[in-house]
Amino acid sequence: MSRLLHPFSYASKAEADYINIVSGEGVVLTADDGKQYIDGIGSLWLCQVGHGRREIIDAITTQLNQLATYNIFDPMTNNVAAEAADLIAEKSPHPDGRVFLGCSGSEAIDTALKISRMIQQRRGAGDKQIILRRTRGYHGTNFGGTSAQGIEGNREGWGDLVPHFIEVPSDDLEAAARVFSEHGPQIAAVITEPIQGAGGVHMPPDGYLEGMRRLCDQHNSLLIFDEVICGFGRTGSWFASQTFDVTPDMITFAKGVTSGYMPVSGVIMSKQVAAELEQPGLKLMHGYTYSGHPACVAAAIANINVIEADGLVDRSHHVGAEFEKGFSAMAADGMIESYRGTAGIWAAELGHDALPIRDRMLELGVIVRPIGTSLAVCPPLTISDAEIAQMIEAMATALNELAPERTSA
Ligand SMILES: Cc1ncc(COP(=O)(O)O)c(C=O)c1O
């Protein structure tokens, strides 16, 4: 038995039973047995630019050669971290805001939750501590993110979580309004993914995000968009806040900021939130050893430049149109019940357990992610039409073989 303990996995499973990925180029991964796979989920919803991009690898290598590591706790800084923060802010709806850096989405979430409570404390609203979360929301697995999760199974079994979280049903703005009318003076913030990703790729109902913005404004609560999946071109704009034209007070990001080449995450704060932190004499008593890690943020800068140079934000619309074509044909044939998503993130609703279909698709050389009765796709935005067609064909083959009663419907 290997000593490696895998995340979200059965510790009893033998290391030899895992698929051992040894290399990647473009959208194609190769395992140790030589078998090739289309990376239809972009590692874990993140590899916008595809694998093996020289520009990013060279930028990381250059930075490692110059300065591999150093912290940016006061009084230190490095110009790579400052440049990355500027670049990220410029692409966001808060170009004049501030950017805090971490390594994981979970760190970004905990940072945003802590800062939202800190801001309310500083405003004198000491009992404004409640965070509203949505059913199906996924916000990482640190204690803050676990408490913010709307996926029950991920919250259970850890003992007491962080207090003062209230869950609202995902798509019910009226229910959120009722919680606000009852607890408004105590609500510090709402946290939501603009498109719920790991919970099954669920689009926000029309007017939902706008409604949350309104409720937050009415009750002096902060709106946090968790764009750990949605950011960096995934939804057709740099950020989903821009896709849906709703501006939150804070945006958490990770994943696509480096396409996964190095671990970087962070929180973008509005000018107003930043102004509260910029009060003279106020010291931020929060941070991570690897905040602004030079080799990591060098990957972010290079990755953002690749997304720009390759026009991948625009290209995500084309990718979306190709998936929609494939899924609508499968729905018309009765192979899938429905589909949902936009641009570079989609789910096909099967109406039955998706795991056996995923397993068969792996045999056919295509990686997708099963979430209950749906299959999620979130590939590199560089994916070709032929590769999308190959993914759709593998899904159709697996469904034809394993769910034949649906095809004859
Ligand atoms: C929306 C969202 N938030 C937070 C996280 C947590 O990120 P990490 O796994 O890097 O801690 C994830 C990870 O999938 C995510 O999808």
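Where in the predicted model does Ala354 have its place?

**View 1. Ala354 and its surroundings in the predicted model.** The place of Ala354 is the loop that lies between strand S12 and helix H13 (355-363). Because a residue is called buried when 20 or more other C-beta atoms lie within 10 Å of its own, Ala354, with 24 C-beta neighbours inside 10 Å, counts as buried. Leaving out residues up to four places away in sequence, Ala354 touches Pro370, Ile371, Gly372, Thr373, Ser374 and Leu375. Gly199, which is 155 residues away from Ala354 in sequence, is 14 Å from it in space, C-alpha to C-alpha.

**View 2**

**View 3. An open sheet of four strands.** The strands follow one another in the order S1-S2-S3-S13, with mixed pairing, and together they form an open sheet. Its edge strands are S1 (21-25) and S13 (366-367), each of which pairs on one side only. Within this sheet, strand S2 (residues 28-31) and strand S3 (residues 36-39) run antiparallel and are joined by three bridges; Val28, for its part, has Ile38 in S3 as its bridge partner.

**View 4. The contact between the two domains.** The protein chain is divided into domain 1 (15-52 + 311-407) and domain 2 (54-309), and the centres of these domains, taken over C-alpha atoms, are separated by 27 Å. Domain 1 gives 23 residues to the contact, and domain 2 gives 21 residues. On the side of domain 1 that touches domain 2, at least two residues are supplied by each of helix H1 (42-45), helix H12 (312-332), strand S11 (338-342), strand S12 (345-349) and strand S15 (374-377). The largest share of that side, four residues, comes from H12. Sorted by kind, the residues on this side of domain 1 divide into 13 nonpolar, nine polar and one charged.

**View 5. The largest nonpolar core and Val297.** This core has 117 residues, of which Met250, Val297 and Ala299 touch the most other members. Helix H11 (residues 294-309) gives the most to the core, with 11 residues, and at least three residues are drawn from each of domain 1 (15-52 + 311-407) and domain 2 (54-309). When neighbours within four places in sequence are left aside, Val297 is in contact with Val80, Ala81, Ala84, Leu101, Val264 and Gly292. As a general background to this view, nonpolar side chains in soluble globular proteins tend to be buried together.

**View 6. The shell of residues around the ligand.** The ligand is surrounded by 15 residues, and the closest of them are Ser104, Gly105, Ser106, Gly140 and Val228. Helix H4 (residues 105-122) provides the largest share of this shell, three residues. Seven residues of the shell are nonpolar, six are polar and two are charged.

**View 7. The loop that holds His139.** His139 is found between strand S5 (130-134) and helix H5 (143-148), in the loop that lies there. With 32 other C-beta atoms within 10 Å, His139 is buried. Although His139 and Gln149 are 10 residues apart in sequence, their C-alpha atoms are 5.6 Å apart in space. Not counting residues up to four places away in sequence, His139 touches Ile109, Gly145, Ala148, Gln149, Ile191 and Asp226.

View 8. Asp74 and Pro75 are joined by a cis peptide bond, with omega at about 15°, and Pro75 has its place in the loop between helix H2 (54-66) and helix H3 (79-91). Asp245, in the loop between helix H9 (240-243) and strand S9 (250-253), has a positive phi of about 55° although it is not a glycine. Ser259, in the loop between S9 and strand S10 (265-269), likewise has a positive phi, near 55°, in a residue other than glycine. Asp245 is exposed, with 10 other C-beta atoms within 10 Å, whereas Ser259 is buried, with 29 other C-beta atoms within 10 Å.

Terms used: Residues are numbered from 1 along each chain as its sequence is written. This is a predicted model: local features need pLDDT of at least 70, side-chain atom pairs count only at pLDDT 80 or more; totals for chains, interfaces and linings use all residues. A residue is near a molecule or strand if its C-beta atom, placed from the backbone, lies within 6 Å of it. Ala, Val, Leu, Ile, Met, Phe, Trp, Tyr, Cys and Pro count as nonpolar, Asp, Glu, Lys and Arg as charged, and the others, Gly among them, as polar. A nonpolar core is a set of buried Ala, Val, Leu, Ile, Met, Phe, Trp, Tyr and Cys residues joined through C-beta atoms within 7 Å. A residue is buried if 20 or more other C-beta atoms lie within 10 Å of its own, exposed if 12 or fewer, and partly exposed in between; C-beta atoms are placed from the backbone. Domain bounds come from an automatic or database domain assignment. Two residues are in contact if their C-beta atoms, placed from the backbone, lie within 7 Å. Two strands pair if DSSP finds at least two bridges between them.
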